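Here is a short briefing for a first look at this model. Start with the sequence and structure, then read on.

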Amino acid sequence: MSDEIIFESIDEELTNSESETNEESNEETSNTEIIKVEDKFPESLHILPLTNRPFFPHQIIPLIVEKDLWESTVKAITDSSHNMLGLLLVKKNNIDKIRPNDFYKVGTVCRLHRIVQTDDKLQVVIEGLQRFRVTKWQNSERPFIVKPKYYPEIPHDDEDVEEIKPYVLAVINTIKELLPLNPLYNEELKIFLQRSSPEEPSPLADFAASLTTANKSELQNILGTVHILKRLEKVLVLLNKELQQAQAQVEIRRQVEEKMEKNQREFFLREQLKVIQKELGIEKDDRTAEIDKFRDRLKKLTVPKPTQKTIDEELEKMSMLEMGSPEYAVTRNYLDWLTLLPWGKFSKDKLDIARARKVLNKDHEGLEDVKDRIIEFLAVGKLKGSINGTILLLVGPPGVGKTSIGRSVAKAVGRSFFRFSVGGIHDDAEIKGHRRTYIGAMPGKFIQAMKDVKYANPVIMLDEIDKISSSYRGDPASALLEVLDPEQNVDFLDHYLDVRFDLSKVLFICTANQPDTIPTPLLDRMEMIKLSGYLASEKLQIAKKHLVKRQLQRAGMKTKQLPFTDKVLLRIIEEYAREAGVRSLEKNIATIARKAALKLLEDKKPSVKITADELDKYLGKPLFENEKAIKGIGVVTGLAWTSMGGATLSVEATLTHSYSRGFKLTGQLGDVMKESAEIAYSYLMSQCEKLDISQSFFEKAFIHLHVPAGATPKDGPSAGITMASALLSLVTGREIKKTLAMTGELTLTGLVLPVGGIREKVIAARRVKIYDLILPKANKRDFDDLPDYIREGINAKFVKKYPEVVDILWDEN
């Protein structure tokens with residue numbers, strides 16, 4: 001409701017009340033005028049602003065105003081004959097630049113009693129008389145002057161008094177409840193009672209409103225309500241709200257005091273108990289107890305003499321330090337670390353070859369050559385009596401089981417296992433610790449590992465060592481040299497400990513996807529074991545024995561509820577999870593298990609049967625199609641190695657035009673691969689006569705050589721003979737009838753040099769059903785070392801020079 005509507009109703013109410021009062025006065029001829037003679041109010045008022053809360057009638061307050069802003073207004077008030085002013089609440093807090101629109105319309109007319117001047121302030125003591133409303137602004141700049149309309153108090157007849165009385169009693173009772181909760185209310189009540197009677201409803205309502213901590217808009221609403229009954233109703237709401245807040249504050253204070261009293265009581269009792277126990281000799285102070293705890297730990301350890309000397313010095317220093325000093329905390333933490341390390345504590349190795357082989361076979365399917373290498377390693381350790389001083393490096397594509405093999409090794413030899421990833425570490429303090437001068441300093445990862453495993457000969461796995469980096473903070477790879485060098489780690493020095501710790505009994509196992517990015521000095525200290533990808537048959541066994549059970553268990557299902565047939569698993573392997581490892585295979589099995597669980601609940605069937613033809617509903621369209629070797633003139637299939645395993649690679653050569661001589665390469669080839677293509681091109685041109693090809697072909701031929709999958713970067717020398725064969729097929733116009741694949745580096749003299757990744761490349765060839773391979777003669781040993789199940793059915797031809805490759809290409813047998 002707008003202010004104008006409210007005031008119209010108020011004016012009507014007052015007019016009726018005044019007419020009734022005048023009639024009574026004429027009849028009784030008594031002096032009952034509303035406005036006393038001495039309180040005649042002026043027709044215009046000077047205005048002073050209030051910012052925090054409004055001022056109510058029947059009260060006296062000291063008001064402080066800025067001298068510079070309001071001196072002229074105060075002077076005009078004192079110069080007047082009536083010494084009266086109006087107090088109006090301002091809507092905003094800043095009164096430096098206020099306009100008439102910034103004031104509320106209802107205020108209190110007051111009499112100015114006294115002025116005290118201090119520096120740049122004026123303190124005026126004012127007495128509130130009655131309400132008024134601004135009808136017109138006579139001066140809209142300082143000093144503000146308004147034309148007011150006054151609202152005197154209205155006498156009440158007996159009927160009104162009976163209606164008002166319950167509200168008055170309710171207000172009084174609520175104030176009584178408030179008095180015990182806040183002592184300040186007592187003083188304000190005394191001042192009120194000296195000036196007014198609690199039986200007068202209007203002063204009582206205004207006083208009750210002023211007691212509350214309501215915001216200024218709520219209090220202004222009370223001031224603007226002239227009708228006493230409505231005002232009392234609003235005041236009761238504010239009083240009850242104040243009462244609830246006061247009771248809540250008292251309750252909170254009581255709880256806090258109870259807690260403080262309890263804590264203080266416990267503290268004093270604890271201190272008294274300590275003094276009594278100390279007098280009786282049955283208790284020590286906290287510092288002595290800490291020192292004794294450290295000494296008790298040392299009794300169970302075999303600490304080297306230099307370290308023991310350092311510990312003794314720190315214990316002596318700790319005994320003299322104040323417990324509240326920062327250095328005490330640093331010394332205590334340092335001693336805590338020194339005494340928690342497993343000095344001279346070693347777990348007993350279980351070098352049982354049969355047991356180790358059983359553990360490895362149980363945890364891993366396939367990888368027979370890798371398991372044999374680990375068993376051989378353990379056999380040597382058994383003969384020596386220990387397996388200390390060895391660093392193994394497991395290299396292979398993601399998902400082939402490098403981390404799990406490390407865990408199986410620890411299980412096989414009966415040692416504690418600790419793993420952390422060094423990939424992305426760029427601060428050598430992670431390896432060798434922070435110096436104790438820094439806040440929050442801690443030892444490096446290796447010392448932390450010793451504390452966690454509680455033995456000095458655990459198996460520590462360093463994952464992703466090929467992804468270690470360096471920055472301005474240091475070079476972690478260089479810091480690892482001391483850790484992984486058997487000649488140095490016997491006296492490993494951590495910056496935090498600043499004493500030597502023997503890491504020579506630790507078995508370090510590192511993992512990497514490729515060894516190329518490992519710094520050479522670090523690589524020299526490791527014994528590399530390569531893990532190649534799995535064949536489809538191996539993946540099938542892994543899925544049946546491990547992956548399906550694990551994912552069904554995680555999905556809360558039993559084998560009977562979701563049976564996986566070999567046909568289903570093979571299709572997943574061939575069309576959805578063709579990478580070297582089994583990580584993607586497990587994800588696909590997990591996807592099927594989740595969707596099957598939903599289907600079980602919705603269809604309310606005891607089990608879900610999946611066929612190979614229904615896999616599209618669960619996994620979507622196949623990600624891989626059956627690869628087929630591309631045939632044609634100028635097309636040859638090569639073999640490549642990637643970080644994800646082996647892959648087949650088609651090389652295509654075509655004659656673009658015969659207007660000018662040229663050679664173009666595409667397919668996002670690296671520098672080494674581009675050089676291999678140029679070598680193949682140059683070799684064929686130089687050997688035209690021996691290879692029975694036309695020299696004139698190259699004089700005007702513009703040849704374009706492309707390696708498909710252009711979005712994938714490719715590099716390396718192993719496609720040399722493949723590129724030469726593609727160019728040879730193009731120049732001679734003869735198609736290679738055989739379905740074969742090849743790999744090998746070609747030189748300008750026609751030599752075929754060895755390449756890496758033979759196992760991965762052979763597996764890739766088997767996957768696409770290519771069984772005729774051409775490999776460098778120097779790689780025959782690598783091929784012979786492959787397990788029988790990989791070599792089975794493979795017809796490998798080994799060549800030393802490129803003319804031998806040509807003979808195989810045109811041999812149709």
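**Salt bridges and a strand pair**

E314 is buried, at 11% relative accessible area; buried means under 20%, exposed over 50% and partly exposed in between, with a 1.4 Å probe and protein chains only. This is a predicted model: local features need pLDDT of at least 70, side-chain atom pairs count only at pLDDT 80 or more, and totals for chains, interfaces and linings use all residues. Residues are numbered from 1 along each chain as its sequence is written, and side-chain values use heavy atoms, leaving out hydrogens and water.

**Salt bridges**
- The structure holds 29 salt bridges, each a side-chain nitrogen of Lys or Arg within 4 Å of a carboxyl oxygen of Asp or Glu.
- E314 pairs with K317 at 3.5 Å, N to O.
- K317 is partly exposed, at 29%.
- Both lie in helix α9 (residues 305-320), 3 residues apart; helices (H or I, at least four residues) and strands (E, at least two) are DSSP runs numbered from the N terminus.
- E586 and R550 form another salt bridge, at 2.8 Å, N to O.
- E586 lies in helix α20 and R550 in helix α18, so the pair ties together parts 36 residues apart in sequence.
- E586 is buried at 16%, while R550 is partly exposed at 36%.

**Strands**
- In strand β8 (residues 417-421), F418 and F420 point to one face and are buried.
- Strands β8 and β9 (residues 459-463) run parallel, joined by 5 bridges; pairing takes at least two DSSP bridges.
- R419 has M461 as its bridge partner in β9.
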